[in-house]
Structure formats: C-alpha cells, structure tokens
Amino acid sequence: MFGFGKNVSVKIDKDLYARVVKVADVAGYATADEFIAHVLEKEMLHFEDSKSDEDIRAKLKGLGYIS
Amino acid sequence: MDFLSRLFGRAPQGEPVVIVSGLPRSGTSMMMKMLEAGGLSVLTDGERVADVDNPKGYYEVERVKNLEKETDKSYVREARGKVLKVISFLLKFLPDDNDYRIIFMRRDLNEVLASQNKMLKHRQETGGTADDKAMTEHYLNHLASIRVMARKKENWQVLEVRYDEAVKDGKSVAKQINQFLGGKLDEAKMSEAVDAELYRNRKDKIAKG
C-alpha cells in the first residue's frame, strides 16, 4: 500500500471480500481497496451532506429551535 | 495524553449533565416533564412559554439555540447534575468538558413531520423548501450520524426512548430511565407525568388523513 502511515486496516468477512474483489475487477477499479474507499466515500456523503444540514437548519429555524 | 487516556480510561468530569434530545416534536418536552416529576432539577429560563403546540411548556434555555455559533459554552457546566434540553441537531456542538447522559427520544418520522408541519403553520413559518419526502431522508441520515457520533464520544452515554412506548407504558420507561440515571428518581411520579392526550399526531390517524 502507498502512503504508509496514512492507511488503516479494516477487517471484513472473507466471503464478502471475495465478492468485493470480483466486482472491483469487473467495474474497472485498480484494486479492491480503491473500490471499497470509493463506496465508503459515497456512503459518507449521506451523513455529511451539506444540503441535508441546510434543509434541517431551515426547518428548525422555522420551528424556533435554533437561532 | 492520548496514550495515557487510552491506557487508563477517561477521568470523570464531575456530575454528568443529563440531556434530553431528539428531533423537535419527538416528545422531548414530555420527557423533561417526566424527569422533573421524578426529582431532577431542570434547567429552563421559561422564555418560550406554553402554547397550543406544547400546552405544558417547552422546558428550554434560549441560549442553547445558539450553541452552534457561540464560542463560550461554559454555561453548560451549570447543568451538571441537572437536565438540559438540546435538540438532536445541536448535540454535536456540546462542549467536551462535561460528561453527558443523553436520553434520546425517537418517534415515527411521519408523526414528527406531521406535528412539525402543524407547528410551522401555527407560527406562520415555511421552514424551508424541502418536502416531507426529502426531510424524511435528511432526518434518517441525521439520526444515523448521531448514532455514529455517540459511538465515538467517550463522554456520551445514550439511552434511546420511543415516544409511543413512553405514552403506552410509562412505568416501564420510567424504570428504564431511572436505571440509566443511577436509580434515584421517583418512578411512580415519572409515569404519572405522561399525558397520553398530548399524543395527537398518531401515524394511524395521519394515514387516514
């Protein structure tokens, strides 16, 4: 792995990993790691979505729960 | 320091602040009332008075609404050993120099949105442009992110309480909360404080329109 010290290892089920390797290959990713990182980045956007925060903030302001 | 805290665990920071949280209209005011009835001191400035949406009062501290922007959050320490209401969106802005026991209210999202929409109408506010479908998605992600955060925060302990269960079986919920907070509360008085008549936006009624 490149960037030693900047990566961490994550344990996942062996069978799941085998499926990930296959799909990553078919989808054209250079490595399974690259595929997993891409999927996680996309998933994280759901939690860190700024539009989501913006809409919630507008709702809460209207309801009088934030300044 | 990091190494030492990992090795020996985190030192407690005085009495924990009891936080009642959740989405607005998920039963947070009812929970505040339960805890007050059970014998806990509630921190409120009484500025937001009771109205048609919360006939028994809001139990809020106005300053908390500014938690996101305010830099001096030392006032939160005053709530050590007491209860403070902080809506879920503002939890991430709580200062880390306190321990928190968080009672997190969960309620069916259709009920939450129906109740929020009524409240917006009463307040003659729009509450932004997102429709209920988008807000449901936003709230689901928001609630998931709180759970992720709760796992990371060493100074948080969280108990999720379902609003419908509290209304249906106040005794069991009071017992559960009392255990979570150390066992010194008056469970009978807590369950008496539950007012089922205030459970007005029920999903079965919403579905019938």
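**The interface between chain B and chain A**

In this predicted model, 30 residues of chain B are in contact (heavy atoms within 4.5 Å) with 18 residues of chain A. Of the area that chain B buries against chain A, 24% comes from B:Lys65, B:Phe89 and B:His138, more than from any other three residues; buried area is the accessible area (1.4 Å probe) that two parts lose on being put together, summed over both. Between them the two chains bury about 2,200 Å², with 59% of it on carbon and sulfur atoms.

The rule finds 2 salt bridges across this interface, a salt bridge being a side-chain nitrogen of Lys or Arg within 4 Å of a carboxyl oxygen of Asp or Glu. One joins the side chains of B:Lys92 and A:Asp53 (3.5 Å, N to O). B:Lys92 is partly exposed, at a relative accessible area of 34%; this class lies between buried (under 20%) and exposed (over 50%), with a 1.4 Å probe and protein chains only. A:Asp53 is also partly exposed, at 23%.

A salt bridge also links A:Arg57 and B:Glu68 (2.6 Å, N to O). Because A:Arg57 lies in helix α3 of chain A and B:Glu68 in the loop between α2 (28–38) and β2 of chain B, the pair joins two chains; helices (H or I, at least four residues) and strands (E, at least two) are DSSP runs, numbered from the N terminus.

Within chain B, the side chains of B:Arg107 and B:Glu111 meet in a salt bridge (3.1 Å, N to O), and both residues are buried.

Residues are numbered from 1 along each chain as its sequence is written, and chains are lettered from A and ligands numbered from 1 in the order in which they are written. In this predicted model local features need pLDDT of at least 70 and side-chain atom pairs count only at pLDDT 80 or more, while totals for chains, interfaces and linings use all residues; side-chain values use heavy atoms, with hydrogens and water left out.
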